[in-house]
Amino acid sequence: MDYDVKGNLKKVLDVLPQGVRLVAISKYHPNEYIMAAYEEGQRIFGESHEQELRQKVETLPDDIQWHFIGHLQTNKVKYIAPYISMIEAVDSLKLLREIDKQASKHERVIDVLLELHIAEEATKYGLTPDDCRQLLEDGTWRELKHVRICGLMMMASNVDDENQIRSEFGICKNLFVEFKSRYFSDCPYFCERSYGMSHDYPIALQEGSTMVRIGTTIFGPRVY
Ligand SMILES: *Cc1c(COP(=O)(O)O)cnc(C)c1O
């Protein structure tokens, strides 16, 4: 193994405040790396491609909680619905409905996060704050009994300017507070703010992240 996965993992876990969870982003990394983290007690792993995830699920321990972190096409939902622990990047009502439909077939309730697009990059997926507000205001989601909206997810702009990154996380935090009080005040499960990756998680932690998604810092660079 080229990377000291166990050592790197420990360093990350050491700086996480109480109550903040780590999603170890294992996409493009081999099972051997995942098992090294698993042996250290890590149980939440994140993947962004359905096929790669399926292969890993078939060969790795059953008690791993898999988070789907990538852009999910509606026609792929049926493949992950039987086992996925959380779908982090829901960016449309259409996708939310499909998750509900597939979850109901398996008599499950699937936890999801709504993905916000706050970053400046035009290529990033996600709902604008207004679209997200509209989706929640519309209320259709309340009828979907097989999905549970647990919070918000976002990626900050890929820039060096710490102030910009900080302010984008801050926007997400403020939206969380707004949505919590408007739509989820009696839902204790609406509690997650998933932001912070390898290059910006220290800032994310200062800005109220509850879930960091870290790959490269733990497993090294991805080989595509
Ligand atoms: C790949 C990925 C990450 C992890 O990125 P690193 O820079 O390797 O920590 C986090 N979130 C999402 C949505 C990703 O696709």
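The model is a predicted one.

**Aromatic rings**

- Phe 179 and Tyr 183 are both part of helix H7, where four residues, or about one turn of the helix, separate them. Residues three or four places apart in an α-helix point the same way, because the helix has 3.6 residues a turn.
- Phe 179 and Tyr 183 are both buried.
- A cluster linked by ring pairs contains Trp 141, Phe 176, Phe 184 and Phe 190.

**Charges over rings**

- Phe 176, a member of that cluster, has the charged end of Arg 193 over its ring, 4.6 Å from the ring centre.
- A second case involves Arg 54, which lies over the face of Tyr 79 at 4.9 Å from the ring centre.

**The ligand site**

- Residues surrounding the ligand include Ile 25, Lys 27, Ile 69, Met 153, Met 155 and Met 197. Ser 198, Arg 213, Ile 214, Gly 215, Thr 216 and Arg 222 are also among them.
- Arg 213 places a polar side-chain atom 2.9 Å from a nitrogen atom of the ligand.
- The side chain of Thr 216 has an N or O atom 2.5 Å from an oxygen atom of the ligand.
- For Arg 222, a polar side-chain atom is 2.7 Å from an oxygen atom of the ligand.

- Ser 48 is found in the loop between strand S2 (44-47) and helix H3 (50-59).
- With a relative accessible area of 14%, Ser 48 is buried, because the cut-off for a buried residue is under 20%.
- A polar contact of 3.4 Å joins the side chains of Ser 48 and His 49.
- Beyond its neighbours within four places in sequence, Ser 48 is in contact with Lys 27, Phe 68, Ile 69 and Gly 70. Lys 27 and Ile 69 are also among the residues that surround the ligand.

**Helix H2**

- Helix H2 spans residues 31-39, and its buried residues are Tyr 33, Ile 34, Ala 36, Ala 37 and Tyr 38.
- Those buried residues pack against helix H1 (5-15), S2, H3, strand S3 (65-68) and helix H9 (216-219).
- Gly 41 follows H2 and has a positive phi, near 105°.

- Tyr 28 has a positive phi, near 70°, although it is a residue other than glycine. Its place is the loop between strand S1 (21-25) and H2.
- Tyr 28 is partly exposed, at a relative accessible area of 32%.
- Glu 107, also a residue other than glycine, has a positive phi near 50°. The loop between helix H5 (93-105) and strand S5 (110-116) holds Glu 107.
- Glu 107 is exposed, as its relative accessible area is 74%.

**Pro 221**

- Pro 221 is located in the segment after H9. Its relative accessibility is 53%, so Pro 221 counts as exposed.
- Along the chain, Pro 221 and Tyr 3 are 218 residues apart, and their C-alpha atoms are separated by 9.5 Å.
- Leaving out residues up to four places away in sequence, Pro 221 touches Tyr 3, His 29 and Thr 216. Thr 216 is one of the residues around the ligand.

Definitions and conventions: Residues numbered from 1 in each chain as written. Predicted model: local features only at pLDDT ≥ 70, side-chain atom pairs only at ≥ 80, totals over all residues. Heavy atoms only, no water. Helix = DSSP H or I, 4+ residues; strand = E, 2+ residues; numbered from the N terminus. Buried < 20%, exposed > 50% of the residue type's maximum accessible area, 1.4 Å probe, protein only. Phe/Tyr/Trp six-rings, centres within 6.5 Å; stacked < 30°, edge-to-face > 60°. Lys NZ or Arg CZ within 6 Å of the ring centre and 35° of its normal. Near = heavy atom within 4 Å. Polar contact = N/O pair within 3.5 Å; in protein donor to acceptor, adjacent residues only side chain to side chain. Contact = heavy atoms within 4.5 Å.
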